Amino acid sequence: MSARRIIAVLLENEAGALSRIIGLFAQRNYNIESLTVAPTEDETLSRLTLTTCGDESTIEQVTKQLNKLIEVVKVVDLTDGDHIERELMLVKVRAEGAQRPEIKRVADIFRGQIVDLTPDAYTVQLTGPSEKLDAFIRAIGRAAVLEVARSGVSGIGRGDAMMRL
Amino acid sequence: MAEMLSGADMLVRALQDEGVEYLFGYPGGAALHIYDAIFKQQKVEHILVRHEQAAAHMADGYARATGRPGVVLVTSGPGATNTITGIATAHMDSTPIVVISGQVPTDQLGTDAFQETDMVGVSRPVVKHSFLVRNAAEIPMAVKKAFYIAASGRPGPVVIDVPKDATDPNAKFEYAYPKDVAMRSYNPVAHGHSGQIRAAVKLLLAAKRPVIYSGGGVVQGDAAEALTAIARRLDYPVTNTLMGLGGFPGTDRRFLGMLGLHGTFEANLAMHHADVIFAVGARFDDRVTNNPAKFCPSAKFIHLDVDPASISKIIPADIPIVGAAAPALTGMLGRLETELERNPDAIDRDAIDAWWRRIDGWRGRFGLDHDQRARGDAPLLPQQVVQAVYRATRGEAYVTADVGQHQMFAAQYYLFDEPRRWINSGGLGTMGFGLPAAMGAQFAFPDAQVVCVTGEGSFMMNMQELSTCMQYALPIKIINLNNQALGMVKQWQDMQYGGRHSHSTYKDALPDFVALAASFGHAGFRVDTLPELEAVVAEIFSDKYKDRLVFLDAWIDPDEHVYPMAIKGGAMNEMVLTRNGGPAPPP
Ligand SMILES: Cc1ncc(C[n+]2csc(CCOP(=O)(O)OP(=O)(O)O)c2C)c(N)n1
Ligand SMILES: [Mg+2]
């Protein structure tokens, strides 16, 4: 049974560390749906969130192989427990004349903000689980979407679950 | 006052402080500051090879024979890329080597400078780890970490890429070699979990048809003694993988021989019918399991390995134990003694005796040389050559092999009673490995008998090293099982491609190997009949040639195949046993 997984990785903030992770996925034929990475409050560490899918034994191998990389400090499969998942999307939408209030209304429903505008387009900023962002695009209609920039998923455990050294 | 050294001097000093005996290398522009630093000292001996691939195999052979990391030094670009096959070979077989490559100066990185290759990038999929030195001050710590990472946990190759400016002889830094190293991101496990060990012992004791299946992890993990003690205490049968030979004494009656694709009838059958399989330092490679779906249908698996990623990767383990082989097996042995003290009848002796009777029946009917026995004298068979070498060296030599039929014959017919004596490229299957690996072993043990069993195809992939052997007076004995063909390829073509020998022969284009050896200053012999064999082999291993490299060109039956051979996609009990014999009879 193949399922979508969100895996969080703490790794040494060193040159080349990221390429090893990406290389591992390519080399072992694991798929990556999205990947985000940035330094943490401790600047010697980066935190990376990646979404992948696979059956249980594949995901077990993914986490074991990640752990084997020398620069990886910690690996947690967030999907094992309660967690919060967010993605940021910036989307440029055609918005002319009568469409403008309609687009604005849909953006409001999705708790999006209009962060830039021109006479015939809005740039909407949205955050939420990936499905919510997908749903927004469906609601607006693909034809109206001019450009999309998505951040990829970032995630954290709920409650007391803490990922630290 | 701290000592002030240049980056190049620090690098060489760090190698000295690490206790490095040999550097296998080849110079070039980006490494010249380092070469100058080597020139000014005597502690680390540099061995000038003839091809960088061979340098990596030499370091690997040294590492396999000693357990200590082998070290390579090469220049940037082609020097670095030439080592890749050697690095990948070490990676697949988990052996500790450290490869130091020169690199273009930092300010030229990424400019497609002369002899620039992204060595860290090119080697990335085949290393355990790599370092790009950013400035000279990092050198001592990079060396310290490289050796630590290469040799600890599941060993493997580590690359240190050193830009030329970091070795500038005019820029001096305070030198101190770090005493120890702690890395928050790397903490290999040592002892196995005691609860798991208890559970494993319980399952082992309850077994009625047990098999111990051990691999390279036992050899590399210096656990042969502990494994042997356990197997003997229990009186259970043991089979070894190609990488694991010598992990249990080959002459012990409990030894079933190698298992897998070319494993013995009794080893493969015992696996197939086992109820408990104890896998130690083995990784259920496809050359062992054949079809995982049909693999050992009635067995429960205990799997001990230092690398958690090896456990349950191919075959789910019932009792996984993550740990280094030696301490975990010692822990198991202790636990076993406690259990047996408490309950001396814990082992079902009747069941084990019955199991041994079955195994001995298989061994008696279809053991390794059942077919050979019936074939008489001519032509000379490769198996006979290996057996003659075995007798002449009393089974005590370091034996390296290349890749092909000759490798399998050596693995099947030379019985290893000690670990680290059998040195071959099991995982990557690298033709060209044998000679340089033998050189590494001979450098490690100058007085030991070192034999390279090769095939004419493999030998020609690194034969330039005969010149290096001359320069350093290495008395290796090379046994060339000459079948005038890429025999293993030809065997597959015989068995699976209707005998169409597409590009697997070169009969009329082979060199005169005796003359070839002589041209490098070595001794050469040729043999092609059984009656001559014993005398020739005795001579080349006699005192007369104690200090010389000897090349024995043994012309063997070109049509011989390696058997048993597992039937593709089958279970472990499905094998072809002889050329015309077809599949093995159902036991
Ligand atoms: C570098 C490399 N290239 C190709 C192969 C594929 N291969 C495996 S065995 C073999 C034939 C080896 O011939 P030889 O060394 O003469 O040994 P033989 O099988 O004849 O004993 C080949 C080509 C390999 N293992 N390594
Ligand atoms: Mg051959």
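The following legends describe close-up views of a predicted model.

In this predicted model, local features need pLDDT of at least 70 and side-chain atom pairs count only at pLDDT 80 or more, while totals for chains, interfaces and linings use all residues. Residues are numbered from 1 along each chain as its sequence is written, chains are lettered from A and ligands numbered from 1 in the order in which they are written, and side-chain values use heavy atoms, with hydrogens and water left out.

**View 1. Surroundings of A:Glu71.** A:Glu71 lies in the loop that joins α2 (56-68) to β4 (72-77) in chain A; helices (H or I, at least four residues) and strands (E, at least two) are DSSP runs, numbered from the N terminus. With a relative accessible area of 6%, A:Glu71 is buried (under 20% relative accessible area, where exposed means over 50% and partly exposed in between; 1.4 Å probe, protein chains only). Its side chain makes a polar contact of 2.8 Å with the side chain of A:Arg20. A polar contact is a pair of N or O atoms within 3.5 Å; within protein, one must be able to donate a hydrogen and the other to accept it, and residues adjacent in sequence count only if both atoms are side-chain atoms. Not counting residues up to four places away in sequence, the residues that A:Glu71 touches (heavy atoms within 4.5 Å) include A:Leu10, A:Glu12, B:His129 and B:Ser185.

**View 2. The interface of chain B and chain A.** Chain B contributes 18 residues to the contact and chain A contributes 20 residues. About 1500 Å² is buried between these chains, and carbon and sulfur atoms give 48% of this area. Buried area is the accessible area (1.4 Å probe) that two parts lose on being put together, summed over both. On the side of chain B, the residues that lose the most area to chain A are B:Arg124, B:Arg184 and B:Ser185, together 43% of what that side buries.

**View 3. Salt bridges across the interface.** The rule finds 2 salt bridges between chain B and chain A, each a side-chain nitrogen of Lys or Arg within 4 Å of a carboxyl oxygen of Asp or Glu. A:Glu12 forms a salt bridge with B:Arg184, with 2.7 Å between the closest N and O atoms.

**View 4. Strand β12 of chain B.** In β12 (residues 276-280), 5 of the 5 residues are buried, so this strand is largely enclosed by the rest of the structure. B:Val276, B:Phe278 and B:Val280 cover one side, with B:Ile277 and B:Ala279 on the other. β12(B) pairs in the parallel sense over 5 bridges with β9 (residues 210-214) of chain B, and B:Ile277 is the bridge partner of B:Val211. Strands pair if DSSP finds at least two bridges between them.
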